[in-house]
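User: I have a model open and want to go through it piece by piece. Can you take some questions?
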Amino acid sequence: MTGAAAAANAAASLALASSSLTRHRSAARLLLLCRTGNPRPTARQSRTADTILRGPSPLFHRPLVLARSPDLPAPRWRLFCNRTLSADAVACEKPAAEAGKRIREFRKRLRIVDVKGGPDEGMDRLGQALAIRGWVRTCRVQSSVTFIELNDGSCLSNLQCVMNIDAEGYDQVESGAVTTGASVLVEGIVVSSQGSKQKVELKVARLVTIGKSDPLTYPIQKKRATREFLRTIAHLRPRTNTFGAVTRVRNTLAYATHKFFQENGFVWISSPIITASDCEGAGEQFCVTTLIPNTREGTDCLVNTIPTSKDGKIDWSQMIEPELAFADLNDDMACATAYLQYVVKYILENCKEDMDFFNTWIEKGIINRLNDVVEKDFVQLTYSDAVELLLGAKKKFEFPVKWGLDLQSEHERYITEVAFAGRPVIIRDYPKEIKAFYMRQNDDGKTVAAMDLLVPRVGELIGGSQREERLEYLGSRLEELNLNKDSYWWYLDLRRFGSVPHAGFGLGFERLVQFATGIENIRDAIPFPRAPGSADF
């Protein structure tokens, strides 16, 4: 084929691609497809180029193949666009002729953790052509090459993308569109990294800016930000190393929680989050009522529309009520122990990179502490023994220690951190006066079959009990506390019809995240923490 024929053929291909782009990609207008006189590529380079051009591309809905003469040096083509592509332009759009066809198959999208997270750290993907979407952490422009650090939230480490000036989309680097915080799509080949921080990197063949980010107003800069400041931008803080790691560990803990209970025969249900039963003294936190007529807004309700009793007091009988589970106290403690060891082991095995980060930057020694939870037996002692231990401690506590008083966080942390050198401790058989009415009374008449599981740094992590399954004992306890039996009719029915010994426990999930990550403030263990006067998100 002559040079003129090759040019004509290329022009025809360009016209085809250009018409396709302008018809279906109005957000990206093709300005120029220019030819540079670079020497013929090697056989490996040709295969790489064919892989990129002929492979699926989110920008082109058909392959762009440029014909060339075998007698002429291989031309190198550069594509320039006159504006940043929108997210819609990145998505592959179906022509109108295909309207009415079935919805495409959903496929899991490739993530950076899929590339770098394996045992070979990406070396098994050498030579593969990949497309990765993510957010720019840094962009370093040098004379002949540009280094772009990309992160998609799937893992702690970034993917280093190396881009030469002849790569498609390099004009977006030159225009300053590829800045920290911007979202981009990069396509390229996995190659061995020349640096020491990673084993592989991506040699970029094509880059598309999906969403711009103004570097002057983007709130997450390279300098270290305080936790207090990051709470004010809770919607963006998962992009930082610390909160990205906390988010992934939190997710893994939640997954491991469901996995543990599903594997052990439990059925998950959604229990009400609002109840009329003041079971454990939590009723002083806030009051929720349905007494305000629902035909008016709360701020437009007259006081005299709220129902009252004959003596003029609010008639609280018009509110709502609900409870759970199976096994005795020993089973309860065994389950709580097995659960905690399971989820801790799961994150140690499946969040290694994040846990190394916490061990280095958040709490030195946290991995050893968590390994102790998995490998060592838990300590068990009674409330009475715990009180004696605290009374004999050579430490002055802020809160008094006396039999009959509830243990405070400082007492719990002393027991597990000092007295038992960092091992989890279960304290059982608490005085019945400081525990809920539904906990099973022990034979001594003074204590109930309740337990608290204590861990270092946090104190109480799990609280549980064997429930009172004996109808007569439960009725007597309600009378003793001057609680209205009529309000607990459904609860009494559970003992009246086929009652069985049963138990259960409650877990403070945010405390578990604290314990597993070393994060000091519980607000940093919650994606969008709530505090008085703070509900912006």
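User: Confidence, then. What is the mean pLDDT of the protein chain?
Analyst: This is a predicted model. The protein chain has a mean pLDDT of 81, with 72% of its residues at 70 or more.

User: Where does pLDDT stay under 50?
Analyst: Residues 295–299 are one such stretch, and there the model has one contact beyond four places in sequence. Residues 314–318 also stay under 50, but the model gives them 14 contacts beyond four places in sequence.

User: How many bridges between strand 10 and strand 11?
Analyst: Six, in the antiparallel sense, between residues 447–455 and residues 459–467. Within strand 11, G459 is the residue opposite V455.

User: Switching to helix 13. Which residues are buried?
Analyst: In helix 13 (residues 471–480), the buried ones are L474, G475, R477 and L478.

User: Why do they line one face of the helix?
Analyst: Looking down the axis of helix 13, the buried residues fall within an arc of 160°, so they line one face.

User: What about the face turned away from the buried side?
Analyst: That face of helix 13 carries E472 and E479, which are exposed.

User: And what covers the buried residues?
Analyst: The cover includes helix 14 (489–496).

User: What happens just after helix 13?
Analyst: N482 takes a positive phi of about 60° there.

User: Last topic, strand 3. How many bridges join strand 3 to strand 6?
Analyst: Seven; strand 3 (residues 129–141) and strand 6 (residues 183–192) run antiparallel. L130 has G188 in strand 6 as its bridge partner.

User: And how does strand 3 pair with strand 4?
Analyst: Strand 3 pairs with strand 4 (residues 145–151) in the antiparallel sense, over six bridges. T138 has E149 of strand 4 opposite.

User: How many residues does the hairpin between them go through?
Analyst: Three residues join strand 3 to strand 4 in that hairpin.

Key. Residues are numbered from 1 along each chain as its sequence is written. This is a predicted model: local features need pLDDT of at least 70, side-chain atom pairs count only at pLDDT 80 or more; totals for chains, interfaces and linings use all residues. Side-chain values use heavy atoms; hydrogens and water are left out. Two strands pair if DSSP finds at least two bridges between them. Helices (H or I, at least four residues) and strands (E, at least two) are DSSP runs, numbered from the N terminus. pLDDT is the predictor's confidence in each residue, from 0 to 100. Contact means heavy atoms within 4.5 Å. Buried means under 20% relative accessible area, exposed over 50%, partly exposed in between (1.4 Å probe, protein chains only). The arc is that of the directions from the helix axis to the C-beta atoms.
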